[in-house]
Amino acid sequence: MSVTVIRNVNVYAPEPLGVKDILLVNNKILAIDEAIEVAISGVDVHEIDGQGKIATPGFIDGHFHLLGGGGENGFQNRTPEVQLTDLTLAGVTTACGLLGTDGVGRDDAALLSKAHALEIEGITTYMYVGNYRLPVETVTDSIIKDIMVIDKCIGVGEIAIADHRNGAPTFEEFAHACADSRVGGLLAGKSGVVNIHVGPGPDRLKFIFQALEETDIPITNFLPTHIGRSQELVDEGLKFAEMGGVIDVTGNEDPVQAYERDGEIPFRVILQQLLDRGISHEQITMSSDGQGSLPRFDEAGNFLRIGVASAQALIVGIQDAVLNGGIPLEIALTAVTSNVARILKLAGKGHLRADYDADILLLDPESLAIDTVIAKGQVMVEAGQAKVFGTFEKH
């Protein structure tokens, strides 16, 4: 038995609870209360001093390229697989893996293997089946069966719309994939969410709005991402959110530069626009697109340059929203904790509550820098330094 008590920490669960103690037993939160006393014969109790720190749920990155991504402009542009500490040092304790443009050099069996490897190394992982193109290439003989029989599979993604790399799918192909994901989710007790890459094309969310008009698929099964590409796309995303949908914003390690260079609208700005319209903050999430390629093309579709996305985008986005945007921490946090857990139906995730998974971050109250990361009850990062490393990481 492993018993840990975090003492005198300011708890954001993500709602503010004040200064409390948090009792962890093995991989679960047993209690959150004032002055918790623990006396178990023969068991050493590990105590962590949380004085002057903020405790939050571990971050859930709902859109991550665990195997790497890209390949645009040649094989040398394939981005590398993620390492465990790339995630934990960024505060990510749960990651949802997917494939992007390249569903040939990488496939879902390899993605599932990588997800299992990271789970063994200490964090929680899930996956989507498929890639940019339709029809979805499945592991079994159907989307429904994949979601039912693959434990980690929670839905389909990332299907690309409004993008020249998507294989020009028909609306019928799109609708059928979304419907099958819905049914698979119902049968397996999972979300069945369709993670939808929205490219820079002028159609933007056209397929999603059409599906809502012409089919019975509920709005909660669609999760469009990369909403910050342009203000025009943000406007459509806010319309979708007003209808009851959840939009996903891709964070950036340098949101100011991304806006000035590429016109990417920062998470902070989109969240504030959402609040200004009277839309609930529960209708937005933020993901990193981690290890995915960041290709840039000119207006003629010619490749210009490429970068690699990082899980650090999440903590940077939270810091930017709170410290520069004046958005309350408890609101900003929901975009990487409780909102993600709700839309993806991740049991035991996204909150600091009794009987929930012991995924906890300790942050500096002034800078919101990450001090400590606990994943499933294990201290992965301490004083900003990694304590647990992946199997092949050098340290």
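How many strands form the open sheet, and in what order do they come? There are 6 of them, arranged 6-7-8-9-10-11, and the pairing is parallel. Strands here are DSSP runs of E with at least two residues, helices are runs of H or I with at least four, and both are numbered from the N terminus; two strands pair if DSSP finds at least two bridges between them. The model is a predicted one, so to speak of local features takes a pLDDT of at least 70 and side-chain atom pairs count only at pLDDT 80 or more, while totals for chains, interfaces and linings use all residues. Residues are numbered from 1 along each chain as its sequence is written, and side-chain values use heavy atoms, with hydrogens and water left out.

The edges of this sheet are taken by strand 6 (59-64) and strand 11 (222-225). Each has a single partner strand, so one side of each is left without a neighbour in the sheet. From one strand to the next, the twist averages 30° (axes are lines fitted to C-alpha atoms, for helices over the stretch in contact, and angles run from 0 to 180 degrees between N-to-C directions). At the strand 11 end, strand 10 (residues 193-198) pairs with strand 11 in the parallel sense over 4 bridges, and Val 194 stands opposite Phe 222 of strand 11.

Two helices sit on this part of the sheet. Helix 4 (residues 171-188) lies across strand 9 (153-161), strand 10 and strand 11, and runs at about 165° to strand 9. Helix 5 (residues 206-214) packs on the sheet too, touching strand 9, strand 10 and strand 11, where contact means heavy atoms within 4.5 Å. The direction of helix 5 makes about 165° with that of strand 11.

Now for the aromatic rings. A pair of aromatic rings is described by the distance of the centres and the angle of the planes. Rings of Phe, Tyr and Trp (its six-membered ring) pair if their centres lie within 6.5 Å; planes under 30 degrees apart count as stacked, over 60 as edge-to-face and the rest as tilted. By this rule, the count comes to 3 aromatic pairs. In one of them, the ring centres of Phe 171 and Phe 207 are 5.7 Å apart with the planes at 75°, so the pair is edge-to-face. Phe 171 belongs to helix 4 and Phe 207 to helix 5, so to link them is to link distant parts of the chain, 36 residues apart. Phe 171 counts as buried at 10% relative accessibility, and Phe 207 is buried as well, with a relative accessible area of 15% (buried means under 20% relative accessible area, exposed over 50%, partly exposed in between, with a 1.4 Å probe and protein chains only).

Another pair joins Phe 174 and Phe 222, whose ring centres are 6.4 Å apart and whose planes are at 20°, so this one is stacked. Phe 174 lies in helix 4 and Phe 222 in strand 11, so the pair ties together parts that are 48 residues apart in sequence. Phe 174 counts as buried at 0% relative accessibility, and Phe 222 is buried at 0% too. Ring pairs link Phe 171, Phe 174, Phe 207 and Phe 222 into a cluster.

Just after helix 8, Gly 278 takes a positive phi of about 80°.

Strand 12 and strand 13 pair in the parallel sense over 4 bridges, with Ile 247 having Ile 284 of strand 13 as its bridge partner. Both faces of strand 13 are covered: Ile 284 and Met 286 are buried on one side, Thr 285 and Ser 287 on the other.

Thr 285 is also among the residues touched by Val 340, which is found in helix 11 (residues 338-344). Val 340 is buried, with a relative accessible area of 3%.

Note on methods
Lists of a residue's contacts leave out its neighbours within four places in sequence.
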